[in-house]
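These are my notebook entries on a structure that I looked up. I set down what I checked, topic by topic.

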Amino acid sequence: MKVLVLAAMLACSAMLRAEEAVQKFIRIQTDDTELILQVAENGRLYQSWFGERLLHESDLRNLPWAVRAGSDGSVSRRGWEVYSSSGNEDYFEPAIAVTHNDGNPSTWLYYVSSHSEPVKGGTHTEITLRDDQYPVEVTLHYVAYAEENVFKTWSEIRHHERKPVTLTRYASTMLYFSRPEYWLTEFSGDWAREVQMSSQQLRPGKKILDTKLGSRAAMHMHPFFELGLGAPVREDEGEVLMGTIGWTGNFSMTFEVDNAGNLRVIPAINPYASAYSLDPDRVFTTPEFVFTLSPDGTGPGSRNLQAWARKYQLMDGKGSRMTLLNNWENTGFDFDQEKLTGLMHEAAALGVDMFLLDDGWFGNKYPRSNDRAGLGDWEVTRTKLPGGIKALSDAASDAGVKFGIWIEPEMVNPKSELFEKHPEWVIRYPNRETYYYRNQLVLDLCNPAVQDYVFGVVDRILSENPGVAYFKWDCNSPVTNIYSPYLKDRQGQLYIDHVRGVYNVLARLREKWPDVPMMMCSGGGARCDYEALKYFTEFWCSDNTDPFERIYIQWGFSHFFPAKAMCAHVTGWNRSTSVKFRTDVASMCKLGFDLGLDELEPEELEYCRAAVANWKRFSPAIMDGEQYRLVSPYECNHAAVNYVSADRSQAILFAYDLHPRYGEKLFPVRMQGLDPDRMYRVEEINLMPGTRSRLASDGQAYSGDYLMKVGLDVFGTLSGVSHVLAVTAL
Ligand code: GLA
């Protein structure tokens, strides 16, 4: 009864306010683009416009809202409802679906109120919607970042029904488009094959990009996409939507072309096996969806996202990053104190800032001497490293470098003391044979006791070892054996609460340890989203460090992330390529090494030292400047990228010959982003000792105008050749 009265009251007040609000427009604006929402006569909220910012307020009343012609010319009652719900008059994919206490699966949302307030870099708009029959409320959030033309949006769902309701759809947002053609570029892959770009035209029906891996979530599909509006996606022209969802778990991004040829885009947590039981008065917060609409291709869109990330989202986005020497590719699990001390001196000899100790340093009853044992027991293996972490960080300090360490705290090997002590902390079926991925299982982060444990692992390492200056935080297994002992009969919450448990741990750690840089890693680049990057300073793009492959991988990730967030190491993958080629490729991101100096000839070591120094010299451009993708490896047998510092006094051009054809016609590379009226000196750097540049441009001065319009001859016909050009204003 009480619920009915409340529902009736809610209905009246919603209707009343809706009447007052008829024709109300909500403008969510950046400097160049805007999303216009409109409360229609029926009291519901519709998308009226998403595109270039409109100049005249008086034009708004001409925008259509609900009445749209069907393909047969008939007029339909449905419009572009902003958070379209199940059971309404729209027959396509909804944003939200709720089963209420009485079993009714419909929800109709009416506008209640909205307000906006300034936040750092933009404006935050909050809009409240409410059902007229059930005490269910949705709050839509939009932050519009003016200068970068980036939007961030998420939603909150809450209710006051007597018992839990079941959510089976809970989108972050919905966006609609009406164009003659839609072209989707997706970034899919696997271990060592991250972010392979492919495109297709969207036809009527649905295309869904999703993942069901739980943790290590983006191994097969990365949480971002590009959508060419009217034409295929291009780098320098055409309207393109670039979107990414901040969720380190199962996501789904649905693209549905309806009967009228309109497209809706629905980014969300993947509802797969996740009918979520939401208790009364609790808030279900969806992940943030970050997007930008570029009128001129992906180049400007990427630069906007990269600048936005450095300013507002990425952990320590404005800070510097440490170059490093890692030992994984070099030693694997086979090391001791003496060997590591030697590598710390090698790090110093290379001129990098830090030595990073990888997997294999922990476990006593079950030492981690391979990947079959030890995960979960985060005590140094005493027989291997008798002096503990302290001796290691002291040795690093003696060598003159910082010390970083690898952890994988969300996981456990069944061969571990942790598993013996707490088998109930592990995600696995009570009644089926257990199956394994990399011989390990995932800890049940839905359980607050497990969250405490994981927090404690990292907290203790840091508290006991002030010398630890960096973490590489890995996550090598998807969620397997999908059953949480903690959740009991609410298994529909597993995938979602597990990710929230991970965030809870990270948030607690960041509160206590705000400054420790951390690399996010997931068996390569299977974690790479903007929620996790609130806590991590950078991520590992791929275990594949073959420079040919890396050019594609880095190219792909660069569409959404700044070079500062992307770790790239010089390793022994594809030793048939020169150390120079490998290093030049890694120099386009956050530079590191993962090889032994005994692999290098004296002149190669000298070359690497100089390359590290050059990278540091040009880090205002590479780390904090603007990036221009000039020649695509997807379209050509070559690749080129340049970076320009914010004041345009410094630029660096990376050019690669991949697999040129015999007799191929070569074209000059036209740089971008320079000051056309300034003169720049071009100098080839990263040359092997004892060699001289063969480029005619080396040592010459050119105007920015010339470099951008005419360009430089940097390509050749031999495979695996690279050139790095320093371009410095005179
Ligand atoms: C993952 C990472 C590697 C390395 C290993 C260690 O595969 O991607 O870089 O850290 O784990 O086991």
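The entries below cover helices, a sheet and cysteines.

**Basis.** I worked from a predicted model, in which local features need pLDDT of at least 70 and side-chain atom pairs count only at pLDDT 80 or more, while totals for chains, interfaces and linings use all residues. Residues are numbered from 1 along each chain as its sequence is written, and side-chain values use heavy atoms, with hydrogens and water left out.

**Helix H2.** I took helices (H or I, at least four residues) and strands (E, at least two) as DSSP runs, numbered from the N terminus. For burial I used relative accessible area: buried is under 20%, exposed over 50%, and partly exposed in between (1.4 Å probe, protein chains only). Helix H2 spans residues 298-313, and twelve of its 16 residues are buried, so H2 is largely enclosed by the rest of the structure. Among the buried residues I noted Arg-303, Trp-308, Arg-310 and Gln-313.

**Helices H9 and H10.** I then looked up how H9 (residues 547-558) lies against H10 (residues 579-586): their axes come within 9 Å and cross at roughly 10°. Axes are lines fitted to C-alpha atoms, for helices over the stretch in contact, and angles run from 0 to 180 degrees between N-to-C directions. H9 is therefore roughly parallel to H10, a term for angles under 35 degrees. In the contact (heavy atoms within 4.5 Å), Pro-547, Phe-548, Arg-550, Ile-551 and Gln-554 of H9 meet Phe-581, Arg-582 and Val-585 of H10.

**The six-stranded sheet.** I found an open sheet with the order E33-E34-E35-E38-E36-E37 and antiparallel pairing; two strands pair if DSSP finds at least two bridges between them. Strands E33 (626-631) and E37 (701-703) form the edges, each pairing on one side only. Direction ignored, neighbouring strands are turned by 25° against each other on average. E35 (residues 650-657) and E38 (residues 721-729) run antiparallel and are joined by eight bridges. Ala-655 has His-723 in E38 as its bridge partner. H9 packs on this sheet, where it touches E33, E34 (638-644) and E35, and its direction makes about 125° with that of E33.

**Cysteines.** How many disulfides are there? I counted zero, taking a disulfide as a pair of cysteine sulfur atoms within 2.5 Å. The sulfur of Cys-446 is too far for a bond, because the closest cysteine sulfur, in Cys-475, is 14 Å away. Cys-446 is buried at 8% relative accessibility. Cys-528 is likewise in no disulfide, with the nearest cysteine sulfur, that of Cys-541, 8.6 Å away. Cys-528 is buried, at a relative accessible area of 1%.

How values were computed
Parallel < 35°, antiparallel > 145°, perpendicular 65-115°, else oblique.
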